[in-house]
Amino acid sequence: MGTTHDRHSDKDADFSAYMAARQVALYRTAYLLAGDHAGAEDLLQNAFAKLYLSWDKVRDREALDGYVRRIMVNENSSLWRRAWKRREHSADTLPDTGVVDTYDDGMGGAMWSFVQTLPPRQRSVIVLRYYEQLSEAEIADVLGISVGTVKSQASRALAGLRARAPQSLHPHQSGDDVR
């Protein structure tokens, strides 16, 4: 049996390797949830800190990304973060925005401004489904909700996005086009 120091070193090495390998991909999720780079950095840092504290308890190493995503969703939805965001004030100048006519990866694009206006749970479902490409079952697992709730939240979110987005951002549908 190794010493406590050896186990601690192994834990640190394993955690550091995971963090180095997955930080970029998980930062993308954090950015999509938080809506800005500073918020994403805070969100990801808090998620990694919580993961480190629970590292020895996580048995299924294949599920680590899902575990970190769930931490980020919970952190992003917490009352503390929402109260802090309400105290933020808008700047005198708007950041440069561009129109992306290809796949919207959430890092820019006109549709993203509408996604940012969704309530936290709807936004989480949209981010995980359409930006992270998770299945409804995977989203339900990450968020700790039923698949039916995932479907209803996605439906409400998409209806809200359709109502807010100008016609140029979604295909024109004639009255005859029933989907």
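Biologist: Taking contact to mean heavy atoms within 4.5 Å, what share of the contacts with a separation of 6 or more comes from residues 24 or more positions apart?

Modeller: This is a predicted model, and in it residues 24 or more positions apart account for 64% of the contacts in the chain with a separation of 6 or more.

Biologist: How many helices and strands are there in the chain?

Modeller: The chain has eight helices and zero strands, and the pattern read along the sequence is accordingly α-α-α-α-α-α-α-α.

Biologist: And how much of the chain is buried?

Modeller: Of the 179 residues in the chain, 34% are buried.

Biologist: Which residues touch the most other members of the largest nonpolar core?

Modeller: That core has 42 residues, and the ones touching the most other members are Y18, L51, M72 and L143. Helices α1, α2, α3, α5 (110–115), α6 (120–131), α7 (136–143) and α8 each supply at least two of the core's residues, with the largest share, nine residues, coming from α1.

Biologist: What does L51 touch, not counting residues up to four places away in sequence?

Modeller: With those sequence neighbours left out, L51 touches F15, Y18, V58, L64, Y67, V68 and I71.

Biologist: Y18 keeps coming up, so to speak; which aromatic cluster does Y18 belong to?

Modeller: Y18 forms one aromatic cluster with F15, F48, Y52 and W55. Counting ring pairs whose centres lie within 6.5 Å, the total comes to five aromatic pairs. One of these is Y18 with F48, an edge-to-face pair at 6.5 Å centre to centre and 85° between the planes. Y18 lies in helix α1 (residues 4–34) and F48 in helix α2 (residues 37–54), so this pair ties together parts that are 30 residues apart in sequence.

Biologist: Are Y18 and F48 buried or exposed?

Modeller: Both Y18 and F48 are buried.

Biologist: How are the rings of Y18 and W55 placed?

Modeller: Their centres are 6.0 Å apart and their planes are at 45°, so the pair is tilted. This pair also links distant parts of the chain, since Y18 is in helix α1 while W55 is in the loop between α2 and α3 (64–77), 37 residues apart. W55 is buried, as is Y18.

Biologist: Which residues of α8 are buried, and why are they said to line one face?

Modeller: The buried residues in α8 are V150, Q153, A154, A157, G160 and L161. Seen down the axis of α8, its buried residues fall within an arc of 130°, so they line one face of the helix. The face turned away from the buried side carries the exposed residues R162 and A163.

Biologist: Where is Q122, and what does Q122 touch?

Modeller: Q122 is found in helix α6, and, leaving out residues up to four places away in sequence, Q122 touches Q153, R156 and A157. Q122 counts as buried because its relative accessibility is 12%, against a cut-off of under 20%.

Biologist: What about α3, which residues are buried there?

Modeller: The buried residues in α3 are L64, D65, V68, R69, I71, M72, V73, E75 and N76. For E75, the relative accessibility is 14%, which is why E75 counts as buried. The C-alpha atoms of E75 and L43 are separated by 6.9 Å, although the two residues are 32 residues apart along the chain. As for the length of α3, its 14 residues should span 20 Å at 1.5 Å a residue, and the end C-alpha atoms are 20 Å apart, which agrees.

Biologist: Last one: which phi does Q133 have, and where is Q133?

Modeller: Q133 has a positive phi of about 60° although it is not a glycine, and Q133 is in the loop between α6 and α7.

Terms used. Residues are numbered from 1 along each chain as its sequence is written. This is a predicted model: local features need pLDDT of at least 70, side-chain atom pairs count only at pLDDT 80 or more; totals for chains, interfaces and linings use all residues. Side-chain values use heavy atoms; hydrogens and water are left out. Buried means under 20% relative accessible area, exposed over 50%, partly exposed in between (1.4 Å probe, protein chains only). Helices (H or I, at least four residues) and strands (E, at least two) are DSSP runs, numbered from the N terminus. The arc is that of the directions from the helix axis to the C-beta atoms. Rings of Phe, Tyr and Trp (its six-membered ring) pair if their centres lie within 6.5 Å; planes under 30 degrees apart count as stacked, over 60 as edge-to-face and the rest as tilted. A nonpolar core is a set of buried Ala, Val, Leu, Ile, Met, Phe, Trp, Tyr and Cys residues joined through side-chain atoms within 4.5 Å. Contact means heavy atoms within 4.5 Å. The expected span of a helix is 1.5 Å times one less than its number of residues.
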